[in-house]
Amino acid sequence: MTVKTALITGITGQDGSYLAELLLEKGYTVHGIVRRASTFTTCRIDHLYQDPHDPEARLFLHYGDLTDGSRVAGLLERVQPDEVYHLAAQSHVRVSFDEPLFTADTTALGTTRLLEAIRNTGLPCRFYQASSSEMFGASPPPQHEGTAFHPRSPYGVAKVYAYWITRNYREAYGLYAVNGILFNHESPRRGPTFVTRKVAMAAARIKAGLQDNLYLGNLDARRDWGYAAEYVEAMWLMLQQDSPDDYVIATGTSYSVRDFVEHCFTHVGLDWRDHVRFDERYLRPAEVDDLVGDTSKAARVLGWQARVHTPELAGLMIDAELQALLGKGEVTVPVVPPPTHPLARR
Ligand code: NAP
Ligand code: F7E
């Protein structure tokens, strides 16, 4: 067992929760940054919680926000991590068109605040940046580490900035700083306004007689959807190499939104055409049409490859929704909000 210390930003998010599980299993002490909200936001990591008074405790949470550079620097100084996993971001593409400045402040500049704090403290820690296939945007598939970036949203643009500032600190200051260029990855813990979770939740609720219809936007977009629990293993591997580098992480296959919908509805014995309706509010001012990752570098150097592909992913996500509705299984997935929830409009 290792005795390393990790700091995770975005520990309350989908990936943060799986990564915290993985690192605790590996013997790490894990510190997570949580932003203050008027209600608890820790539902994805509640099953990992340990009373900090317990001498055996290895998970510690600290309030902090990416927009507050002095707090981030203070936490780094206090925690003295060996590895920093920077996952926090305004991560919703559609929302980034509504909130471009907030997205830039958190998703782009938040990365610089962390890197500056590492540089100024002189900590010899390793740094992981959560880069995204959204950076490729309009570049045709398959996309690999050398593919030109052509982002199509304020989110994608912010991630391109964060990618380059990470590389810049590696080249300018010799930091061990890497970009994991992750394609879409999903799970039962996915935020409920991302399309896979939205579809899985709706198909389960329709099957259970709790709602009739599901409103969606562009069904033609194609994505390379993998399983989040596997993708955090790649994050860890990237920080265990002899030298820092950037890697694409994906399944190498692509399916349309329509395909994903069909998998989910067929899984519960329904015909999606009877229930799926179009709503233009879910369209984006500019769309990313087709993403398929070429992961040969990750396979060669990291020995990583996806085991769960999109059809199995759809199956495991909808099974989790059915279990949650039936009151079975562990309560590790967020509560299913009613379709009328005001924030479900994205
Ligand atoms: P997520 O579920 O949306 O989680 C985002 C996390 O960031 C949450 O913990 C959130 O806190 C935190 N956060 C947001 N703004 C913050 C701020 N100003 N200060 C501090 N924390 C803040 O995202 P995810 O799917 O786990 O993705 C993790 C990272 O990978 C993100 O950077 C995302 O952009 C990137 N990425 C994701 C994918 C994917 O398919 N999932 C693919 C490529 C890259 P709250 O819980 O308080 O909201
Ligand atoms: O949309 C279409 C939508 O919001 C996927 C983030 O994790 O992955 C994610 O970004 C597709 C798009 O994910 C609805 O137009 C149709 O073409 O689930 P999404 P995303 O935009 O691909 C990347 C890699 C990230 O880095 C991001 O952080 O589905 N779509 N109808 C819809 N999308 C949503 N959300 N809602 C709909 O009703």
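This report walks through the surroundings of two ligands in a predicted model.

**Ligand 1**

Let's start with ligand 1. There are 23 residues around ligand 1, and T12, D15, L87, S91 and Y155 come nearest. Sorted by class, that shell holds eight nonpolar, ten polar and five charged residues.

Where do these neighbours sit along the fold? At least two shell residues come from each of α1 (14-25), β5 (126-132) and α5 (154-173). Of the elements, β5 is the top supplier to the shell around ligand 1, with three residues.

The side chain of T12 has an N or O atom 2.6 Å from an oxygen atom of ligand 1. S91 does likewise, with a side-chain N or O atom 2.6 Å from an oxygen atom of ligand 1. For R35, a side-chain N or O atom is 2.8 Å from an oxygen atom of the ligand. How much of ligand 1 does the protein bury? Taken alone, ligand 1 exposes 900 Å², and the protein buries 89% of that.

**Ligand 2**

On to ligand 2, which is surrounded by 24 residues. The closest of them are S91, S132, Y155, R284 and E287. In this shell, nine residues are nonpolar, eight are polar and seven are charged.

S91 uses a backbone N or O atom, 2.6 Å from an oxygen atom of ligand 2. V195 also brings in its backbone, with a polar atom 2.8 Å from an oxygen atom of ligand 2. Y155 contributes a polar side-chain atom, 2.7 Å from an oxygen atom of ligand 2. On its own, ligand 2 has 700 Å² of accessible area, and the protein covers 96% of it. Two elements give two or more residues each to this shell: α6 (195-207) and β8 (214-216).

Which domains supply the shell around ligand 2? At least three residues come from domain 1 (5-186 + 227-249), and at least three from domain 2 (195-223 + 254-290 + 310-345).

| Ligand | Residue | Part of the residue | Distance to a ligand oxygen atom |
|---|---|---|---|
| ligand 1 | T12 | side chain | 2.6 Å |
| ligand 1 | R35 | side chain | 2.8 Å |
| ligand 1 | S91 | side chain | 2.6 Å |
| ligand 2 | S91 | backbone | 2.6 Å |
| ligand 2 | Y155 | side chain | 2.7 Å |
| ligand 2 | V195 | backbone | 2.8 Å |

Notes:
Residues numbered from 1 in each chain as written. Chains lettered and ligands numbered in written order. Predicted model: local features only at pLDDT ≥ 70, side-chain atom pairs only at ≥ 80, totals over all residues. Heavy atoms only, no water. Near = heavy atom within 4 Å. Polar contact = N/O pair within 3.5 Å; in protein donor to acceptor, adjacent residues only side chain to side chain. Areas by Shrake-Rupley, 256 points an atom, 1.4 Å probe, with all protein chains shown as cover. Helix = DSSP H or I, 4+ residues; strand = E, 2+ residues; numbered from the N terminus. Nonpolar A, V, L, I, M, F, W, Y, C, P; charged D, E, K, R; others polar. Domains from an automatic or database assignment.
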